[in-house]
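Subject: Structure for you, with notes

Hello,

Here is the structure I promised to pass on. My notes follow below it.

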There are 2 protein chains.
Amino acid sequence: MEKAKNYDLIVVGAGPAGMTAGMYGVRSGLETLVFEKGICGGLSNEAPEIENYPGFKKVRGMELAEKMKEQASEYVEIRELEKVEKMKWSVKNLEVSTEKGSYLTRAAVISTGTRHRRLGVKGEDEFLGRGISYCATCDGFFFRDKPVLVVGGGDSAVREALYLKNIGCEVTLVHRRGKLRAEPYLQKNLEHAGVRILWNSVVREIRGDKKVRSVVRFDKDREIEDELLVEGVFISIGEEPVNDLAAQMGIGMDRNGYIITDKNQRTSLERVYAAGDITGGVRQIVVACAEGAIAATSAYNDLLELV
Amino acid sequence: MEKAKNYDLIVVGAGPAGMTAGMYGVRSGLETLVFEKGICGGLSNEAPEIENYPGFKKVRGMELAEKMKEQASEYVEIRELEKVEKMKWSVKNLEVSTEKGSYLTRAAVISTGTRHRRLGVKGEDEFLGRGISYCATCDGFFFRDKPVLVVGGGDSAVREALYLKNIGCEVTLVHRRGKLRAEPYLQKNLEHAGVRILWNSVVREIRGDKKVRSVVRFDKDREIEDELLVEGVFISIGEEPVNDLAAQMGIGMDRNGYIITDKNQRTSLERVYAAGDITGGVRQIVVACAEGAIAATSAYNDLLELV
């Protein structure tokens, strides 16, 4: 175990919010360290094509995340593959425990983001990685020319469907309602692409042997079940906050489990800030970055006042 | 005069916030129009070098603004050189009057930004453009190898000083306090660059004939006035909100004249949102963009509920 070190700011999670917070932390003179349990970029890595991040007409999520990582790394150390397991107040400092060591810091930013919500149906665990995916950009390639099902009706489901259609999959979208939630702009694209949509339909089971072979769909209009032959199932029914750390620390969250912050990204706990998707609201990369910048700036201001 | 047209969203001001709001407005299906009294980009055009906008390691402000303009223009019409003079509620719509016409809209985003604060000393008006400038990137070139004075002690003053030093000016920074407000990172650079700093000093007058020849400085420590021979004076003592429109409409502002918004960028007036520097807070391009995105998203949501 590494011995406890002293930092001004520790950032948990290196998605766009965390990377920006790290960069702003160091630029304002704070001894800063960023931990990431996986790799930098968070869910932005999965975005096939981003058209609305200001400054880039079109950029793959992974490419943008890589640019941000390179940029942030000019300032701050980012420790990938080191998960923060616990954080608690110890006298005047926060004690941060990871799998590899323990650290002291005067302030912290929680930017742990969200994870994909699961359908919760039979077969979902069994066939994960064997036909079931939560990310078309990551896994779509394996399903070219094959029939795939996208589950969901929001922006990301439609983006997933478009991406898969575009690389040559035979795409069907299944949505539990009679209307999509996705932005009109995306809906138009979906229409032009000619993606088949099954309305008012619920996935009840995913079947197969070694890999996915079919999906049992319940048609709410006709009140019947049928079996759809597909080789891939892309589940895109939203995200849920990764709030284990926040819950453990007793930080105030809303009823959906997102951390509540004020306009300065302060949480209910002193010198603990939150930024990015974990705070809910408009879940856009540029918003996450802005919150990271604000969180680090608030930490800087609050620490100045401590002296 | 053009006849009144109907829009869903009109955005006033095409800095980073307004351009992003315009793009997000159209992408969410709103009939959107952006007005800009000058040219796109706002004060970001003046930033010599931006290192902390996520995604760009180093970019000139003008270049970033240009990229944002190109990108936003793929979606939304931006009318440059058309100043909005008045906005008021008229039954169910906002009536927007510009120099060139009148328009109706169901919602509006105010993103009019800030302008440079003036010193308010003798000679400031007289020598504007003849030795006095508020923007080193714009005018610095004319002062290469010449003695210039930068007035101020915040981030932008230090950036101006560094920029001028770098292009070969003989730079002196004059600051009314004994300590800079600029971020430590910038202060270090300033020290390395060897810029002379006059502490606890106030500019009392700017003198010259056809152009600036000297500045009268009051040294608060020694309680004496002296005359500094300089050919350029770069005033960088902060910005103030461009809030004429907001004041005219009676929108709630804080005591410094910045528009007060909630986390969704809603102002005190129904279906009127504010985004960017006009809302105060952390004045960073990425924050302005995020607020623009959020403002347009709130407009979209609120208009949906109207139907």
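Chain A and chain B bury about 3,400 Å² between them. Of that area, 57% lies on carbon and sulfur atoms. Please keep in mind that this is a predicted model. On the chain A side, 37 residues are in contact with chain B, and 37 residues of chain B take part in return. Three residues lead on the chain A side: A:Arg27, A:Lys57 and A:Lys263. Together they supply 20% of the area that chain A buries against chain B, more than any other three residues.

Next, the charged pairs. The search of the whole structure finds 49 salt bridges over all chains. Across the interface of chain A and chain B there are eight. One to look at joins A:Lys57 and B:Glu70, whose side chains meet at 3.4 Å, N to O. A:Lys57 sits in the loop between strand S2 (32-35) and helix H2 (61-73) of chain A. Its partner B:Glu70 is in helix H2 of chain B, so the pair crosses between chains.

Helix H7 (residues 285-306) of chain A meets helix H7 (residues 285-306) of chain B. The axes come within 8 Å and cross at roughly 135°. H7(A) and H7(B) are therefore oblique to each other. Their crossing is left-handed. From H7(A), the contact is made by A:Val286, A:Val287, A:Cys289, A:Ala290, A:Ala293 and A:Ile294. From H7(B), it is made by B:Val286, B:Val287, B:Cys289, B:Ala290, B:Ala293 and B:Ile294.

Helix H1 (residues 16-27) packs on helix H2 (residues 61-73) at an angle of about 20°, and the axes are 9 Å apart. That angle makes H1(B) roughly parallel to H2(B). The crossing of H1(B) and H2(B) is left-handed. H1(B) brings B:Pro16, B:Met19 and B:Met23. H2(B) answers with B:Ala65, B:Met68, B:Lys69, B:Gln71 and B:Ala72. By class, the contact of H1(B) with H2(B) holds six nonpolar residues, one polar and one charged. H2(B) is also the helix that carries B:Glu70, the partner of A:Lys57.

Helix H4 (residues 155-166) and helix H5 (residues 184-193) have axes that come within 10 Å and cross at roughly 30°. H4(A) and H5(A) are therefore roughly parallel to each other. H4(A) passes H5(A) in a left-handed crossing. The H4(A) side consists of A:Asp155, A:Val158, A:Arg159, A:Ala161, A:Leu162 and A:Lys165. The H5(A) side consists of A:Leu186, A:Asn189, A:Leu190 and A:Ala193. The contact of H4(A) with H5(A) has six nonpolar residues, one polar and three charged.

B:Leu269 is in the loop between helix H6 (244-249) and strand S17 (272-274). Which residues does B:Leu269 touch, not counting those up to four places away in sequence? They are B:Trp89, B:Met249 and B:Ile251.

Best wishes

Methods: Residues numbered from 1 in each chain as written. Chains lettered and ligands numbered in written order. Predicted model: local features only at pLDDT ≥ 70, side-chain atom pairs only at ≥ 80, totals over all residues. Heavy atoms only, no water. Axes fitted to C-alpha atoms, helices over the stretch in contact; angles between N-to-C directions. Helix = DSSP H or I, 4+ residues; strand = E, 2+ residues; numbered from the N terminus. Parallel < 35°, antiparallel > 145°, perpendicular 65-115°, else oblique. Left-handed = near helix turned anticlockwise from the far one by under 90°. Contact = heavy atoms within 4.5 Å. Nonpolar A, V, L, I, M, F, W, Y, C, P; charged D, E, K, R; others polar. Buried area = accessible area lost by both parts, 1.4 Å probe. Salt bridge = Lys/Arg side-chain N within 4 Å of Asp/Glu carboxyl O.
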